[in-house]
Amino acid sequence: SASEYQLRGWASTGGLVVVRRLVRPAADRPQMEVFVLEAGGARRVANIAGAYAVTARLSSAGSSLLYTGSDGGVHNVYELPLAGGTPRRITSNELPGRMFSGIEPLHDGSLVYTINERRQDIWLSRVTQRQEPMDE
């Protein structure tokens with residue numbers, strides 16, 4: 001299997017966040033490793049099966065990484081604390097076939113993303129990281 005590295009920006013701790021996408025045959029689940037490069041070397045934050053590295057974005061505070069992932073064929077947006085810990089699901093999709101992409105964290109801590117539900121419709125939604133809809 002091959003690897004592809006992508007820089008994602010500066011963490012709030014001052015380290016550089018790097019995502020490694022593990023490229024495997026199409027039959028396998030996607031997989032992503034997350035590292036923070038600091039003065040003392042590289043610190044591995046997580047290795048996540050089912051994560052799509054191409055969608056990974058730093059939160060506006062630089063303290064977490066947001067990404068899309070698949071669990072049993074159901075896609076959602078997740079948040080991984082860069083200090084370490086377990087990823088937290090921040091969307092509540094339960095429908096197979098609905099996919100998330102275009103993640104963009106906003107400076108107020110909310111998140112904008114697109115939903116591709118039928119491979120022809122793209123919707124734009126805005127939610128807070130607490131899964132509460134925002135007033136427009």
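Leaving aside neighbours within four places in sequence, Glu33 is in contact with Val18, Val19, Arg20, Leu22, Arg44, Ala46 and Asn47. Contact here means heavy atoms within 4.5 Å. The model is predicted: local features need pLDDT of at least 70, side-chain atom pairs count only at pLDDT 80 or more, and totals for chains, interfaces and linings use all residues. Residues are numbered from 1 along each chain as its sequence is written, and side-chain values use heavy atoms, with hydrogens and water left out.

Glu33 sits in strand S3. Strands are DSSP runs of E, at least two residues, numbered from the N terminus. Glu33 counts as buried because its relative accessibility is 6%; buried means under 20% relative accessible area, with a 1.4 Å probe and protein chains only.

Which side chains make polar contacts with that of Glu33? One is Arg20, at 2.4 Å. Another is Arg44, at 3.5 Å. A polar contact is a pair of N or O atoms within 3.5 Å; within protein, one must be able to donate a hydrogen and the other to accept it, and residues adjacent in sequence count only if both atoms are side-chain atoms.

Now the nonpolar cores. Such a core is a set of buried Ala, Val, Leu, Ile, Met, Phe, Trp, Tyr and Cys residues joined through side-chain atoms within 4.5 Å. The largest has 18 residues; Val17, Met32, Val34, Leu65, Tyr67, Leu80 and Leu82 touch the most other members. Strands S2 (16-23), S3 (31-38), S4 (41-49), S5 (51-58), S6 (64-71) and S7 (74-81) each give two or more residues to this core. S5 supplies the largest share, 4 residues. Apart from this core lies another, of 8 residues, including Val77, Ile90, Tyr113 and Ile115.

Key: Buried means under 20% relative accessible area, exposed over 50%, partly exposed in between (1.4 Å probe, protein chains only).
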